[in-house]
Amino acid sequence: VLLLLSLLGLADAGKLLVVPVDGSHWLSMREVLDALRQRGHDVVVVAPEVSLYIKPSKNFVMKMYPVPFTQEELDEDFQGFTKDLFEGGSFLARVIRLYRRSKKNSALFLATCAHLLHNRELLRYLEESRFDALFTDPILPCGQILAEHLSVPSVYFLQQIPCGLEYQATQCPNPPSYVPRVFTDHTDHMTFLQRVRNVLYDIPSFFLCDAVFQPYGKLASEFLRRDVTVPDLLRQASIWLMKIDFVLHYPKPLMPNMVLVSGVNCASKKLSQ
């Protein structure tokens with residue numbers, strides 16, 4: 001008994017591998033990593049040498065790898081995506097614009113992921129480090145591909161995934177008669193005609209998903225040397241930490257391993273009443 005009690009202290013902290021997504025995704029994740037480091041966990045962040053916001057910090061170890069694009073190309077791509085995302089227009093115009101931009105962005109992020117997975121020196125370091133878990137934003141599945149390779153459990157930190165892949169991966173109910181789709185501006189209380197419109201608006205998402213995520217399935221299959229799809233990868237997560245709540249978002253079904261952690265984006269600011 002004394003021997004077991006003496007080992008309890010070793011379980012207080014762990015070794016965490018982090019594969020982040022750049023942009024605003026990283027800003028909220030960084031707050032969590034700072035808190036984890038303060039609690040004694042060892043945090044190692046794997047990131048490309050060219051990024052918008054992912055910079056070295058005293059609170060974690062940063063392992064960087066080269067990528068085949070410049071800082072100027074990355075800045076231009078992100079600015080274009082932001083402009084296309086918030087620009088108005090008809091539903092069809094927005095879908096076409098988002099489809100084209102998604103294909104361009106996806107090619108850039110896919111190249112980033114491929115250079116990470118094929119960096120033998122970095123992979124050897126990660127394999128020898130024996131991490132306890134992997135922490136990532138699954139909007140890009142590169143982190144989960146790495147988790148599969150290292151055989152470590154993964155924890156997701158996200159708001160949502162395009163095309164509702166989080167629902168498909170977790171087998172969570174996502175009925176169009178109840179859950180509003182993107183661009184509809186509906187609430188969770190819809191008339192019959194609004195529900196029909198909600199179903200129709202869901203159709204183009206399949207084309208967006210095919211453009212963005214299909215290349216990751218091919219990359220994962222080649223790297224892991226077995227046939228795998230993106231939903232196959234995503235459903236391996238142990239916990240989904242969802243940056244949503246029922247104050248700013250409409251109510252919707254959740255699975256037992258989906259945990260609401262809204263408010264983390266406001267960690268450094270004082271909330272108003």
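Guide: The link of C113 and C142 is right-handed, with 95 degrees about the S-S bond. This is a predicted model, in which local features need pLDDT of at least 70 and side-chain atom pairs pLDDT 80 or more, while totals for chains, interfaces and linings use all residues. Residues are numbered from 1 along each chain as its sequence is written, and side-chain values use heavy atoms, without hydrogens or water.

Visitor: How many disulfides does the count come to?

Guide: A disulfide is a covalent bond between the sulfur atoms of two cysteines. The cut-off is a pair of cysteine sulfur atoms within 2.5 Å. By that rule the count is 1 disulfide. C113 joins C142, S to S 2.2 Å.

Visitor: Which helices hold C113 and C142?

Guide: C113 lies in helix α4 and C142 in helix α6, so the pair ties together parts that are 29 residues apart in sequence. Helices here are DSSP runs of H or I, at least four residues, and strands are runs of E, at least two; both are numbered from the N terminus.

Visitor: Are C113 and C142 buried or exposed?

Guide: Both are buried. Buried means under 20% relative accessible area, exposed over 50%, and partly exposed in between, with a 1.4 Å probe and protein chains only. Another cysteine, C172, also counts as buried, at 6% relative accessibility.

Visitor: Now the sheet. What is the order of the strands?

Guide: Strands of a sheet pair through backbone hydrogen bonds, either parallel or antiparallel. Two strands count as paired if DSSP finds at least two bridges between them. Here an open sheet of 7 strands runs β3-β2-β1-β4-β5-β6-β7, with parallel pairing. At its edges are β3 (61–65) and β7 (258–260), each pairing on one side only. From one strand to the next, the twist averages 20 degrees. Such angles run from 0 to 180 degrees between N-to-C directions, with axes as lines fitted to C-alpha atoms, for helices over the stretch in contact.

Visitor: How many bridges join β6 to β7?

Guide: There are 3 bridges between β6 (residues 239–242) and β7, which run parallel. L241 has V259 in β7 as its bridge partner. M242 stands opposite L260 in β7. Strand β5 (residues 154–158) also pairs with β6 in the parallel sense, over 4 bridges. There, L158 stands opposite M242.

Visitor: How many salt bridges does the count come to?

Guide: A salt bridge needs a side-chain nitrogen of Lys or Arg within 4 Å of a carboxyl oxygen of Asp or Glu. The count comes to 2. In one, R226 meets E148, with the closest N and O atoms 2.7 Å apart. R226 lies in the loop between α8 (192–224) and α9 (230–234), and E148 in helix α6 (residues 142–150), so the pair ties together parts 78 residues apart in sequence. R226 is partly exposed at 39% relative accessibility. E148 is partly exposed too, at 23%.

Visitor: Which side chains meet at 2.6 Å, N to O?

Guide: Those of D232 and R235. D232 counts as partly exposed at 29% relative accessibility. R235 is partly exposed as well, at 37%.

Visitor: Which residues make the nonpolar surface patch?

Guide: Patches take residues with over 30% relative accessible area and no salt bridge; like charges are joined within 9 Å, and nonpolar side chains (Val, Leu, Ile, Met, Phe, Trp, Tyr) within 5 Å. Areas come from the Shrake-Rupley method with a 1.4 Å probe; for residues, only the protein chains shown count as cover. Here Y99, F192, L193, V196, L200, I203, F206 and F207 make a patch of about 890 Å². Helix α8 gives the largest share, 7 residues. Y99 is found in helix α4 (residues 91–117). Its relative accessible area is 32%, so Y99 is partly exposed.
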